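Please keep the sequence and the structure in view while reading.

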Amino acid sequence: MPNSSSLWREIATDLRRRIEAGEWSPGETLPAMRMLAEHYGTNSHAPINRAVLHLINEGVLVTTPDAPRRGVRVRARPKVVRPIDQRFESTNASPDVTFEQITGMDDVTVEIAYDRETPVDVVELLGDGMILVRTFRYLIAETPHQVMRSWMLDRVAQTAGLRTPDDEVPGRTTETWLREGGIDVRRATLTIESRLPTEEEAAELAMPATVPVMVRKKTLWDAGCQAVETNTTVVVADQIIYRAEFSLEDLC
C-alpha cells in the first residue's frame, strides 16, 4: 500500500480519471467517504478527504457549504462559445439578442438585482451622483456561469428608462437603452483579462477561488467623450471561449 503522503495523490488521480471517463455525471454526488475509503483500501478517511479537497481546489468537484447534505458533486462545466462583442458577428447583426441566442443554450436562468451606491472609482469615471448598479447572474442548467455588473449614473438610467429590474427586457443591450433615451453613444472600449477570482466572485459563481476567471470590461462613451456606462462580466475561464470575426478589407 502506498504511504500516506502519496496515497491521497493516487486517489485524486484515480477519481479524476473516473470522472473524466463519465463514471459520475456533472452534478452527480460522489459516494460517501466510507464507501470511497473501502474502495481504495484504507481505514482512514484522511487521504480521501485530502484527495477530494485537492479536486475541489482544481475545480473538478464542488460542494455547497450552506447545504452540506448535498455532499460533494462533480462540477458541471457547460462550455460556451460566444463573440467578444456581438457586433463582431456581422456588420448587419442586431446587438439586441438574448443570451440563449448568442450561446445556443436553452436551460438558462437570469437573476437580476438593482442597487444604488456611490463607489469612488466609478464616480471618478462617470461623474458625481448616485450610481445605479445592475447585477445579472446567469446560470446554465442551474450551474452559475457568469456575473455581469453595470454601473451608470442613476439620472442617466432614469432617462434611459431603467428604474427597477422589472424594466429589463431580455436581449436588450445597455447601448440600446441609452440610445432610445436620447443619449448619443459613440464609442466603446473593451478589455479582457484572466485572473483568479475575488472571494465575492468565487462565492457568486459557486466555485473555488483557485480556478481562474475571464474578466471582460466594457465602457460606453458619448459624443462629448464622457463615460456614460461601464460594466464588468466575470465568467469561469473553463466555461467560455471568446471569438472575433471581422473583415480585413474594412481595415484598409
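## Nonpolar cores

The largest nonpolar core contains 22 residues, and L126, I131, L162 and L178 have the most contacts inside it. A nonpolar core is a set of buried Ala, Val, Leu, Ile, Met, Phe, Trp, Tyr and Cys residues joined through side-chain atoms within 4.5 Å. Here, buried stands for under 20% relative accessible area, exposed for over 50%, and partly exposed for values in between, using a 1.4 Å probe and protein chains only. Two or more residues of this core come from each of α5 (120–126), β5 (131–140), β6 (143–153), α6 (154–160), α7 (174–180), β8 and β9. Helices (H or I, at least four residues) and strands (E, at least two) are DSSP runs, numbered from the N terminus. Another core, of 19 residues, lies apart from it and includes L55, V60, L61 and V72. In soluble globular proteins, nonpolar side chains tend to be buried together.

The model is predicted: local features need pLDDT of at least 70 and side-chain atom pairs count only at pLDDT 80 or more, while totals for chains, interfaces and linings use all residues. Residues are numbered from 1 along each chain as its sequence is written, and side-chain values use heavy atoms, with hydrogens and water left out.

## Surroundings of L162 and E168

Leaving aside neighbours within four places in sequence, L162 is in contact (heavy atoms within 4.5 Å) with Y114, L132, R134, M152, A157, D167, E168 and W177.

One of these partners, E168, is placed in the loop between α6 and α7. E168 counts as buried because its relative accessibility is 12%. Not counting residues up to four places away in sequence, E168 touches I112, Y114, R134, F136, L162 and W177.

## The six-stranded sheet

Six strands form an open sheet in the order β4-β5-β6-β9-β8-β7, with antiparallel pairing. Two strands pair if DSSP finds at least two bridges between them. The edge strands, β4 (108–117) and β7 (185–195), each pair on one side only. From one strand to the next, the twist averages 15°; for such angles, axes are lines fitted to C-alpha atoms, for helices over the stretch in contact, and the angles run from 0 to 180 degrees between N-to-C directions.

Strand β7 is joined by 10 bridges to β8 (residues 213–222), and the two run antiparallel. Within β8, V215 is the bridge partner of E193.

## T230 in strand β9

T230 belongs to strand β9 (residues 227–236). With a relative accessibility of 12%, T230 counts as buried. Not counting residues up to four places away in sequence, T230 touches L125, L126, R149, S150, W151, K218 and T219.

The side chain of T230 makes a polar contact with the side chain of T219 at 2.9 Å. A polar contact is a pair of N or O atoms within 3.5 Å; within protein, one must be able to donate a hydrogen and the other to accept it, and residues adjacent in sequence count only if both atoms are side-chain atoms.

## Salt bridges

A salt bridge is a side-chain nitrogen of Lys or Arg within 4 Å of a carboxyl oxygen of Asp or Glu, and by this rule the count comes to 17. One of them joins R75 to D238, with the closest N and O atoms 2.9 Å apart. R75 lies in the loop between β2 (72–74) and β3 (80–83) and D238 in the loop between β9 and β10 (240–243), so this pair ties together parts that are 163 residues apart in sequence. R75 is buried, at 6% relative accessible area, whereas D238 is partly exposed at 23%. D238 also meets R77 in a salt bridge (3.7 Å, N to O).

K217 and E193 form a further salt bridge, the closest N and O atoms being 3.9 Å apart. This pair links distant parts of the chain, with K217 in β8 and E193 in β7, 24 residues apart. Salt bridges that share partners join E193, R195, E201 and K217 into one network.

## Positive phi values

A206 is not a glycine, and its phi is positive, near 55°. A206 is found in the loop between α8 (199–204) and β8. C225, also not a glycine, has a positive phi of about 60°. The place of C225 is in the loop between β8 and β9, and C225 is exposed, with a relative accessible area of 55%.
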